[in-house]
Amino acid sequence: MIWNSASDFFAMGGYGTYVWGAYVVTAACMAIEPILVALRHRRVRRELAAEEERR
Amino acid sequence: MSTTFAVLVGRDLRLAARRRIDAALPIAFFTVAISLFPLGVGPEPQTLRQIAPGVVWVAALLAAMLSVTQLYATDLADGSLEQMLLVPDARLAIAAAKAASHWLVTGLPLVVAAPVFGVMFDLSREAIAALVASLVLGTPVLSLLGGLGAALTLGLRSGAVLLILIIVPLCIPALIFGAGAVAAVDAGQSARGHYSLLGAVLIFTAVLAPLATAAALRIATE
Amino acid sequence: MTTTSSRLRLYRFASPATFYPLAGKLVPWFAAVAAILAAWGLWLGMLRAPTDATQGDAYRIIFIHVPAAWMSMLLYVVMAFWAAIGWAFNARLASVVARAIAPTGAMFTFLALWTGALWGKPTWGTWWVWDARLTSELILLFLYAGYLALVSAIDEPRRADRAGALLAIVGSVNVPIIYFSVVWWNTLHQGASVSPAAAPKMAAIMLQAMLLMTLAFWAYAFAVIFVRARAIALERDNAASWAGAAVGRTPAQTEATT
């Protein structure tokens, strides 16, 4: 570990806003996208299952 | 196939002659769009001279894209496109003919009118010559790529805006080399590299775009 | 005899009925690989790699910027490839996969631009520079947007697939030309713009972290694209017997999450 403390880590040598701005948005996108896709899949399965019931 | 080509071009030109106002719309748009820039950035001649190549080229690009939906739309609406496609192996000739007539009706007037706009932007004589030369090489590329876009978006509601979105990225090399040629001449340098590259883009597009457009016509109508 | 039967066995995977359960089994593995590689890569890149002499700690954005950029470009080509296969062989599953790739590719392109801007501000002084790489990345975003717009605008699925395939192929052919023209444009106007600092001299540990993150993004892409492809396949084939079986045969408790 090259950081001496947690606050050093978050400060990123003064560039904290930029580095964390980049990482947070990336993490958010890569968390939201799988959720949206999974929800889409689940919705289709539910609709299909409902149709199968009716048949 | 060349007779089909000639017949179709002749037909489109005659149709354009009958609807002269519609045919003049692209160049009217071009004029208005170009005139907006001095109003927007100020009349300082030095600035205008610098932005002129880019402004003229972007306006040409937009004018071409806005007018290209008409290429197939009227023929699709009255059923003549279907008739044309019934002729065996006609797709390639149709694609090439549509691009050619679009250039004759929209691109060529732009080339002819370019010196006027060059003067409006205080370009030197050499720069105006370069502008005309770059447009001669570049506007056919715009017509060819526009034709591809029109065939891909045939009959779709979203029409012109969708076409602009999908085709404009492909026009960027022509824009860069074309406007760059004029800027180079304006700066006193040789534009030969630009012309060669623009010429290469033209050859590449002229050979491949009609093939792609023919495929797009098939996709859109089968 | 063996050649025909093995080829036939391979063609099984072209059927949505086979793809659907197979993809479903693979998704958790890809997700796990993505998580492990990302954790390892981030540990190396954020906690172990030394601070750069010129750029300070701002350079650490590289560990997500470069993988995102690479993925954005790779996915475009892969998307065009599968779209072309779907068009040439009338293989609907291939077209489904191509459609599934597009949104993820566009997302990575956006992330490459976003992280690029945030890296640019502290290092070059402005949020945006019209350098060759960032400008090409922006044009790539337009290409993705064009593809997505075109396929959404066409209601009939097969026409949408084929038109999209043609556009993606045309786009792929043009990407080298566009990139070359942008590099040309950029070198000509070099005097006007600030030349962005090159990536820092890469210590081995930085390269390792970047590679791990790229592989992590790659695995992530597989997982998300497979789930999306499953959803699209179901949406399209909802009348097919395999779809009903896929939904009915697997009770809620086993395949609930993906």
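This is a predicted model: local features need pLDDT of at least 70, side-chain atom pairs count only at pLDDT 80 or more; totals for chains, interfaces and linings use all residues.
B:Asp12 is buried, because 20 other C-beta atoms lie within 10 Å of its own, where a residue counts as buried with 20 or more such neighbours, as exposed with 12 or fewer and as partly exposed in between, the C-beta atoms being placed from the backbone. This residue is found in helix H1 (residues 2-18) of chain B, and helices here are DSSP runs of H or I with at least four residues, while strands are runs of E with at least two, both numbered from the N terminus. Although B:Asp12 and B:Thr106 are 94 residues apart along the chain, their C-alpha atoms are separated by 12 Å.

Residues are numbered from 1 along each chain as its sequence is written, and chains are lettered from A and ligands numbered from 1 in the order in which they are written. The pLDDT is the predictor's confidence in each residue, from 0 to 100; chain B has a mean of 92, and 100% of its residues reach 70 or more. Among the elements of chain B, the lowest mean pLDDT, 86, belongs to helix H4 (residues 70-77), and the highest, 96, to helix H7 (residues 125-152).

B:Leu211, which is found in helix H9 of chain B, is partly exposed, because 14 other C-beta atoms lie within 10 Å. Its C-alpha atom and that of B:Ser134, which is 77 residues apart from B:Leu211 along the chain, are separated by 25 Å. B:Asp122 is found in the loop between helix H6 (91-120) and H7 of chain B, and its phi is near 60°, a positive value in a residue other than glycine. B:Asp122 is also partly exposed, with 15 other C-beta atoms within 10 Å.

A positive phi also turns up in chain A, where A:Met12 has a value of about 50° although it is not a glycine. A:Met12 lies in the loop between helix H1 (6-11) and helix H2 (16-54) of chain A, and this residue is buried, with 22 other C-beta atoms within 10 Å.

What lies inside the largest nonpolar core? A nonpolar core is a set of buried Ala, Val, Leu, Ile, Met, Phe, Trp, Tyr and Cys residues joined through C-beta atoms within 7 Å. The largest one has 175 residues, and those with the most contacts inside it are B:Ala60 and B:Ala216. Two residues are in contact if their C-beta atoms, placed from the backbone, lie within 7 Å, and, leaving aside its neighbours within four places in sequence, B:Ala60 is in contact with B:Phe30, B:Leu110, B:Leu135, B:Thr139 and B:Leu142.

Chain C has eight helices and zero strands, and 47% of its 258 residues count as buried. Among contacts in chain C between residues at least 6 apart in sequence, 81% join residues at least 24 apart.

How do the chains meet one another? No contact joins chain A and chain B, whose closest C-alpha atoms lie 24 Å apart. Chain B does touch chain C, with 18 residues of chain B in contact with 22 residues of chain C. On the chain B side, helix H8 (159-186) and helix H9 (192-221) each supply at least two residues, and the largest share, 10 residues, comes from H8(B). That side divides into 16 nonpolar, two polar and no charged residues, where Ala, Val, Leu, Ile, Met, Phe, Trp, Tyr, Cys and Pro count as nonpolar, Asp, Glu, Lys and Arg as charged, and the others, Gly among them, as polar.

Of the two pairs of chains that touch, chains A and C have the most contacts between them, and 27 residues of chain A are in contact with 34 residues of chain C. The chain A side has 18 nonpolar, five polar and four charged residues.

Within this meeting of chains, H2(A) and helix H4 (residues 92-124) of chain C pack at an angle of about 170°, with their axes 9 Å apart. That angle makes H2(A) roughly antiparallel to H4(C), since angles over 145 degrees count as roughly antiparallel, those under 35 as roughly parallel, 65 to 115 as roughly perpendicular and the rest as oblique. Axes are lines fitted to C-alpha atoms, for helices over the stretch in contact, and angles run from 0 to 180 degrees between N-to-C directions. The residues of this contact divide into 10 nonpolar, four polar and two charged.
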